[in-house]
Each structure stands twice: as C-alpha cells, then as structure tokens.
Amino acid sequence: MPELIEVEAYRRQAEAVVGRTIDDAPVLDPIGLRGADPEAVRAELRGLTVEAADRLGKLLLVRTDGPVVGLRFGMTGRLLVDGGASIDGLLYGGQGDDPAWDRYVVTFTDGTDLRIRDPRRLGGLQLDPDVERLGPEASTITAEQLAAALARSAAPVKARLLDQSRVAGLGNLLVDETLWRAGVDPERASGDLDADEVAALAEAVRSTVAELLARGGSHTGDLQVARRPGAACPRDGAPLDRLRVGGRTTYRCPAHQR
DNA sequence: CCGGATGTTCACCT
DNA sequence: GAGGTGAACATCCG
C-alpha cells in the first residue's frame with residue numbers, strides 16, 4: 001500500500017499517540033532493523049514520550065524525547081493505532097489481515113498500542129534514520145528541485161522519479177499516473193527535458209499527489225483503472241503500452257506521452 | 001502452476 | 001561511475 005499518500009494517512013493516525021509514554025516495544029519479528037539488535041531497540045524505546053508524527057517521503061518519523069523512530073512499510077505494511085480500525089481500507093489481498101503478521105508493537109502506559117502489520121515483511125524500523133539520504137519531498141517539490149534531480153542524467157525519467165534519493169515519496173503507481181497526466185514518456189532521458197517540461201512535470205507531481213490524497217489512495221488514479229493489458233487510454237482511447245522501466249511494470253499511452 | 005504485485009537493498013553485469 | 005538486471009523477503013490473486 002504505501003506510497004507517500006498512504007504513509008501520510010498513517011502519519012495522521014499516528015498523531016493520536018503524541019503525548020503518550022511508551023511502556024514497552026517488543027520486537028515480534030526483527031524485520032528491517034538494518035543490523036540493530038532487537039532487544040537494544042526495545043530497551044531504547046521504553047519510557048520515551050512521543051512528541052510528534054512527521055513524514056518524509058515514504059518514511060514515517062515518530063519523534064520522541066529520545067531518538068526518532070523511523071518506520072517503513074514496504075509494499076504491504078500497515079500501521080494500526082489503538083486496535084486497528086485502519087482508515088486506508090486497503091487490506092492486502094481480499095481479506096488478508098492476520099495478527100500473526102504483527103512485526104512491531106508499541107504499548108503505551110495508558111494501555112493503548114500501536115503496531116506494524118506487514119504480511120510480506122518488507123517494512124522496517126530504524127532509530128534515528130538517516131534522512132539525508134532522501135531527496136526533496138514529492139508533495140511540495142519545486143521546479144528547481146526537480147530540475148536538479150533530473151539534470152544531466154541519461155536514466156529514464158521514471159527511474160529518477162522512483163529513486164528516493166532524488167525525489168522522496170513517489171512509488172510505481174504515482175509515477176505512472178503523474179507521467180500520464182503530464183504527457184511525458186516514462187522512457188525519456190531525464191536530462192533531455194527542457195525547463196518548461198520540468199516545470200510542468202513538477203506541477204503534475206504536486207497536483208497528482210494532492211488529488212489522489214484527496215481521493216484516498218495511490219490506487220485511485222485515472223490511469224490505474226486501466227492498468228491491465230490491452231486497456232484503452234482514458235484520455236484518448238489509444239491502446240496502452242505495457243513495458244518495464246526502472247525495473248517496474250509501466251503503463252504508457254503511446255499517443256499522448258512523448 | 002506461474003507470474004506479478006503500492007518497496008528496498010545488494011550483488012553482479014555491461 | 002552510471003544504469004540495468006535479478007534475487008530476496010512472504011502472501012495473495014488472476
């Protein structure tokens with residue numbers, strides 16, 4: 001589920017735990033710890049008070065009076081606050097929702113809790129994550145920032161937009177939707193876009209994120225409904241191409257994406 | 001049965 | 001150095 005939009009929804013939920021004090025944080029399954037010792041992480045989290053819930057790209061940052069707790073959700077992770085009632089309505093698979101997939105639990109002194117539920121175990125938790133490795137936040141990216149991210153690169157523009165160190169927050173669905181709306185071929189060499197095209201693309205990134213956030217998810221794009229072989233472009237009816245760009249399945253309208 | 005799927009990281013090629 | 005590919009993770013779906 002998580003691209004920037006879904007993680008933003010989790011961030012808003014996480015604001016409910018601001019002010020609470022952590023009683024315990026057992027690591028049920030030590031995924032995505034990047035070498036950290038599970039018991040050491042648990043010990044560090046005990047007794048901390050949550051001060052804020054922030055986000056950078058797809059990384060959720062829970063600030064405390066001690067270390068920042070960085071949460072990643074991979075493709076299938078969800079955040080459950082106070083027993084669930086997940087607002088994303090995007091359960092992995094048809095039903096798939098099993099407490100056995102809880103990887104991290106944070107219990108608070110008032111008896112409430114927060115948990116990371118992740119069937120495929122692609123998410124993770126890191127204390128004081130290195131946010132310097134991330135590019136500018138996609139939802140507010142400027143033409144200047146995007147120009148810097150694309151400059152002098154022969155890589156396909158889609159690959160650059162997916163590269164979290166260049167632009168933070170976009171995933172496969174958002175990038176396809178954005179390039180489709182902007183009329184840009186995902187295979188275009190990044191450095192070949194002129195200043196006007198870059199400015200228009202930056203605007204498309206911001207507006208696409210805002211609109212799909214309002215609609216309720218990365219999967220609510222206009223192109224998304226056509227993400228299947230042989231589908232017609234919702235804009236002009238041309239048969240969509242299905243190809244691989246940046247290692248990911250890509251849909252493109254050959255008629256209007258240039 | 002097989003291939004893919006909203007992600008990230010790494011080893012190994014060209 | 002820059003890009004690309006494939007694998008790994010585990011589960012579900014068409």
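A crossing of two helices is left-handed if the near helix is turned anticlockwise from the far one by less than a right angle, and right-handed if clockwise. I noted that first, for use below.

**Ground rules.** This model is predicted, with local features needing pLDDT of at least 70, side-chain atom pairs counting only at pLDDT 80 or more, and totals for chains, interfaces and linings using all residues. Residues are numbered from 1 along each chain as its sequence is written, chains are lettered from A and ligands numbered from 1 in the order written, and side-chain values use heavy atoms, without hydrogens and water.

**The sheet.** I looked up helices (DSSP runs of H or I, at least four residues) and strands (E, at least two), numbered from the N terminus. Strands pair if DSSP finds at least two bridges between them. I found an open sheet of 4 strands, ordered β2-β3-β4-β8, with antiparallel pairing. β2 (50-56) and β8 (124-127) stand at the edges with a single partner strand each, so one side of each lacks a neighbour in the sheet. I then checked β3 (residues 59-64) and β4 (residues 69-72), which pair over 3 bridges. Leu61 stands opposite Gly70 in β4.

**The helices.** Which helix packs on the sheet, touching β2 and β3? I found α1 (residues 4-14) there, contact meaning heavy atoms within 4.5 Å. Next, α1 and α6 (residues 195-215) pack at about 55°, axes 9 Å apart. Axes are lines fitted to C-alpha atoms, for helices over the stretch in contact, and angles run from 0 to 180 degrees between N-to-C directions. The crossing of α1 and α6 is right-handed. Leu4, Ile5, Glu8 and Arg12 of α1 meet Val209, Leu212 and Leu213 of α6.
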